[in-house]
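Please find below a colleague's note, written as numbered points.

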Amino acid sequence: MMKKTTTGIKANGKFAFILFVFMAVFTTVFGRIVYLKAVHGEEYEAAAKNQQINRYDAVIAANRGSILDRNEQVLAISTAVYNVVLDPLVLAENKEAEQEKTLTTLCQKFPELDYATLKGYITENPTTGKINLPNHWKYLVKEIDRSLKEELEEMKLKGVYYEKTTKRSYPLKTLGCHLLGFIRGDAQWGIEGKYGDYMVGTPGRSFILYDGADGVSYQDYPAKDGDTVITTIDYTIQQYAEEAVAETAAKWPSEHIASIVMDPNTGEVIALAESNPFDLNQPGTPLQTKTDPAFKTAWEAKSSKEQMDYLNNMWKNFSISSTYEPGSIYKPLVAAAALEEGVITPQTTFYCGGSIDVSGTPIHCHLRTGHGTVNVKDILAQSCNVGIIQIAQKLGAEKVYRYQMEFGFGKKTGIDLPGEEDASKVLHSLSGIGPTELATISFGQTFNCTTIQIISAFSALINGGNIMKPYVVSQVIDPNGDVAYENKPEVVRQVISKETSDYLRVALKATVEEGTGKKIQIPGYSIGCKTGTAEQGSRDRDDLWTLTHMAYFPAENPKYIILSVIHLPEAYVDGVQSTAPMTKALMEKIIKYKNLEPTEKTQNASSLTTKATVKLPDYVGSSAYDVVSDLDGKELTYKVVGTGNTITNQVPKGGTQVEKGSEIILYVEKSEKDAGSASVPNVVGKTYEEATAALKKAGFEVVFEGETDGVVSSQNPKYGVSAAKGTEIKIQLTKKEEDKKNPTQGE
């Protein structure tokens, strides 16, 4: 009889129990999953996707719109630059040799980086078991140019990425600095501030999207570049104005020197130059810190507040934000009001004996012996205080005050620049104009105005009687080429009749022909003018003066009006400092630049227009290598800005008529065909050893003609162009003149 066993039954029972437990757990987990999917699935899935999107969301910077002059020369531009980014986690996963290559190369290219610090990022922390910087994104260097970025890319550095962004740059550095303004944190000055909303553009975005099948794709929304601002400024005339201001400032240091050029018929500002220039690319660093060691030391010793006060004064646009007593350039406005009101005629005469008694106080003319009998034209030409006081007395306080308001004093002109001052607090009220105030107002004293106010008012004297609203921007163009905003000539009001304006426009020629403005005479050209010398501030001091020159031409049909200002010159001496040289120099350059024909017959008139000029081709897109040879043939000099051999911009623009000997600025970038090339250095004037060292360091071979104890007189290819490394650069060596004239001893 067989014995019954229980082993199989026990084994089957244990298996069944395990299976039951497994099924129970599986059912619970599966049920939970089904529950979560059914009840919270969409919520959790969206959260997961959002987490991924947020993690991989990147902003694509928009290019800020450019600022151009009236001929579309670039004054401000945003260019693509790149931030160098390190991915420590990726670099740490690479072999030590690759790590070393990346770290040493970065430190060689960017001396500001520290090798030990970079190495520390990817070194494992024994406490955590992870590297010291366990993430994928560490900014190392910001805003490198494209050529350097491409050079680094060719090296295939591990764990290094390049984030594209934009950089605002001002290729002409200080030119128009007070007009253009700049961006500094939340503060925006000048045109940059006034038209910032148009230029800012709309950033783009790059992020992950999920399709219906849960597939992943990257979605980019490109940035929308900002609008382009076209100004009324003429780059060439602006340059002339700044040269005139700089020369005057060097000769006669002053608190402020300014020159403004306008079209009196439209209110367009063609140039506005001021002393105290600064580099728009580095507005927080005064230019003197680079040229004057004593200034640099004093600057570094200043407190933060003192530095900021200095900078704010330097950045301020004097011509629209500062006020002063205008002096005698105001006299024609009083004469215009009297003529308009009919209280005098052009033939009315007055007598100047050198002074006039006003309420018991003698007020002197600048000519103490007096001008004798004078009419309106004589009073203005000779700037006679006594004569203009008598005209104001005939006009009366009420009308003097009313016309002052009508001419725009005490009110903002509405120019499209931030920070305009209205000067309303430094004017007399009607009730405050007694006999003495009436007299002093007539020759532009005891009240203040801004430069933009007085030039706008004076323009009305010569344009038919209209106060024009001044402006510096003509159009804003969107990326599609459509006009987003436009300024057009705007008549604010007519203040005098065309007949009064016609008389004064011609009468003021006498100031240049026979009066106080003789020093700005230009043979063959009719010019109208009024000079001014005004005492400022406390009358207890005799060293606070503002000198002015208001000139317009051609006098019969003015196209340009210029106001030159020297405000508070140091060590002022009557008759020494003068605005005449800067005014005349600026007019002469404008006449030459615009090829304005003489308005009067004279033997000397042709000297300004019969000059050697050449029409500049459009070089954009051309090879710099070819262009510099063409410029040499046209007797033009050049400066190359950037790295590469493809011209992307030029100043002046193609089609411009320029004088022989002018400097042309060429902006270049690298193209694909420039790979493996380098910029040829300028070795002209260097010794053989210096030239050879510089060329070989840049990667070129040297071929020379002449004696090695001479200096380089020419080179081919020219400097600034790009050529393939290994190219032969031919240099011509010539002995210095003094070596030829002074042979060695014993000969």
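1. Basis of the note. This is a predicted model, in which local features need pLDDT of at least 70 and side-chain atom pairs count only at pLDDT 80 or more, while totals for chains, interfaces and linings use all residues. Residues are numbered from 1 along each chain as its sequence is written, and side-chain values use heavy atoms, with hydrogens and water left out.

2. (Buried means under 20% relative accessible area, exposed over 50% and partly exposed in between, with a 1.4 Å probe and protein chains only.)

3. Helices α9 and α22. Helices (H or I, at least four residues) and strands (E, at least two) are DSSP runs, numbered from the N terminus. Helix α9 (residues 235–251) packs against helix α22 (residues 580–594) at about 155 degrees, with the axes 9 Å apart. Axes are lines fitted to C-alpha atoms, for helices over the stretch in contact, and angles run from 0 to 180 degrees between N-to-C directions. The two helices are therefore roughly antiparallel; angles under 35 degrees count as roughly parallel, over 145 as roughly antiparallel, 65 to 115 as roughly perpendicular and the rest as oblique. Contact means heavy atoms within 4.5 Å. Among the α9 residues that meet α22 are Tyr 240 and Ala 244, and the α22 side includes Leu 586 and Ile 590.

4. Helices α14 and α20. The axes of α14 (residues 331–341) and α20 (residues 498–507) come within 10 Å and cross at roughly 140 degrees. These helices are therefore oblique to each other. On the α14 side, Pro 332, Ala 336, Leu 339 and Glu 340 meet Thr 500, Tyr 503 and Leu 504 of α20.

5. Phe 443. Is this residue buried or exposed? Phe 443 is buried, at 12% relative accessible area, and lies in the loop between α18 (435–442) and α19 (451–462). Leaving aside neighbours within four places in sequence, its contacts include Lys 331, Ile 363 and Ile 388. The C-alpha atoms of Phe 443 and Gly 532 are separated by 9.1 Å, although the two residues are 89 apart along the chain.
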